[in-house]
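Trainee: Could you take me through a structure step by step, giving the general idea before each case?

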Amino acid sequence: MRTPTAARAGQYAALLAYLVFLAFPFLWLVSTAFKPPRELASLHPTWIPEDPTLANFRQAFDEQPLLRAALNSLAAAVGAAVIAVLIATPMAYVMARQRGRLTKAATGWVVISQSFPFVLLIIPLFLVLKGLRLVDSVPGLVMVYVVWALPFALWMLSGYVRAVPVELEEAAAVDGAGRVRTLVSVTAPLLAPGIVATALFAFVTAWNEFFFALVLLKTPEKQTLPVVLTHFIGAEGVADLGPLAAAAFLATLPSLVVFALIQRRITSGMLAGAVKS
């Protein structure tokens, strides 16, 4: 009995260490956001601010257009999430229900495409957007985010589709419903939790994305929040630490809230359809 107990204690200890490792940057960010300049320059930093202040937040909004950048990020993230879900839902239905070499090839391509680095994609995407005259525009950035979010959205929604009993669709076919009618009236309502979770995941991915926005958006009025955060770092590489931490903390909050809402749905979507009934 001692061996399983010791093994379980070791697992919990490893899990606790991992959680501390993950939580440390965020907790330090929160602490830094509320520290006055005197404590930020201290050689003996503390976890809890001795004299907490909101001055860093006020300074952050005074120095950079955070609200405008947040609205740009919101527009790009919402647009990418909605379009990605609209495209991925019927495609995931076909991939989950149709059996054949083409479906297997599409599934393999979805998995392989996740390994492509950003640098490999940015040049062809830039050329396409240049041809469409969408460089340095939020709609062009939305197109890039849709392309980037589609593989994971397809993979996730395919799991949800496989979890829907085929008998329901067969019953709808007996009643005279076609494929499109079955998808819209029978399958889609049952996929609603998965569709919402996939849309929120695509939203968070687009909200936090930095590289594509940095390369494609050059006009300051169109830049997204992650790009604007870099403006708190001077030309010499010296960061305005207090305002930067405050702005980064505010930028992180939407992602934390969304992931808290969808983390169970994401897990169920990955596992759905893995076990045959």
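This is a predicted model: local features need pLDDT of at least 70, side-chain atom pairs count only at pLDDT 80 or more; totals for chains, interfaces and linings use all residues.

Trainee: What is the phi of arginine 133 near, and is the value positive or negative?

Mentor: As a general idea, most residues other than glycine have a negative phi. In this model, phi of arginine 133 is near 60 degrees, which is a positive value in a residue other than glycine. Aspartate 136, which lies in the loop between H6 and H7, also has a phi near 60 degrees, again a positive value in a residue other than glycine.

Trainee: Which of the words buried or exposed applies to arginine 133, and which to aspartate 136?

Mentor: The idea is to compare the relative accessible area with two cut-offs, under 20% for buried and over 50% for exposed. Arginine 133 counts as exposed because its relative accessibility is 78%, whereas aspartate 136 is buried, since its relative accessible area is 18%.

Trainee: How would you describe the domains, and how far apart do the C-alpha centres of domain 1 and domain 2 lie?

Mentor: The domain assignment of the chain gives domain 1 as residues 5–52 and domain 2 as residues 58–274. Their C-alpha centres lie 30 Å apart, and the contact takes six residues from domain 1 and eight residues from domain 2.

Trainee: How much area do domain 1 and domain 2 bury between them?

Mentor: In general, the size of an interface is often given as the accessible area lost when the parts come together. Here domain 1 and domain 2 bury about 600 Å² between them, with 91% of that area on carbon and sulfur atoms. On the side of domain 1, the residues that lose the most area to domain 2 are Phe26, Leu29 and Ala33, which together account for 61% of what that side buries.

Trainee: How many salt bridges are counted between domain 1 and domain 2?

Mentor: The count is zero salt bridges, and the count of residue pairs in polar contact between the two domains, with both residues at pLDDT 80 or more, is zero as well. Helix H1 (residues 2–33) supplies the largest share of the side of domain 1 that touches domain 2, namely five residues. By class, that side has five nonpolar residues, one polar residue and no charged residues.

Trainee: Where does asparagine 56 lie, and what does its side chain approach?

Mentor: Asparagine 56 lies in helix H3 (residues 55–63), and it counts as buried because its relative accessibility is 4%. A polar atom of its side chain lies 2.9 Å from the backbone oxygen of alanine 33. Leaving aside residues up to four places away in sequence, asparagine 56 touches Thr32, Ala33, Phe34, Lys35, Gly242, Pro243 and Ala246.

Trainee: Which residues does threonine 224 touch?

Mentor: Threonine 224 is found in the loop between helix H11 (211–216) and helix H12 (225–229), and it is buried, since its relative accessible area is 3%. When residues up to four places away in sequence are not counted, its contacts include Ala69, Asn72, Ser73, Leu141, Ala213 and Leu217.

Trainee: Is leucine 261 buried or exposed?

Mentor: Leucine 261, which lies in helix H13 (residues 241–271), counts as exposed because its relative accessibility is 62%.

Technical notes: Residues are numbered from 1 along each chain as its sequence is written. Side-chain values use heavy atoms; hydrogens and water are left out. Helices (H or I, at least four residues) and strands (E, at least two) are DSSP runs, numbered from the N terminus. Buried means under 20% relative accessible area, exposed over 50%, partly exposed in between (1.4 Å probe, protein chains only). A polar contact is a pair of N or O atoms within 3.5 Å; within protein, one must be able to donate a hydrogen and the other to accept it, and residues adjacent in sequence count only if both atoms are side-chain atoms. Contact means heavy atoms within 4.5 Å. Domain bounds come from an automatic or database domain assignment. Buried area is the accessible area (1.4 Å probe) that two parts lose on being put together, summed over both. A salt bridge is a side-chain nitrogen of Lys or Arg within 4 Å of a carboxyl oxygen of Asp or Glu. Ala, Val, Leu, Ile, Met, Phe, Trp, Tyr, Cys and Pro count as nonpolar, Asp, Glu, Lys and Arg as charged, and the others, Gly among them, as polar.
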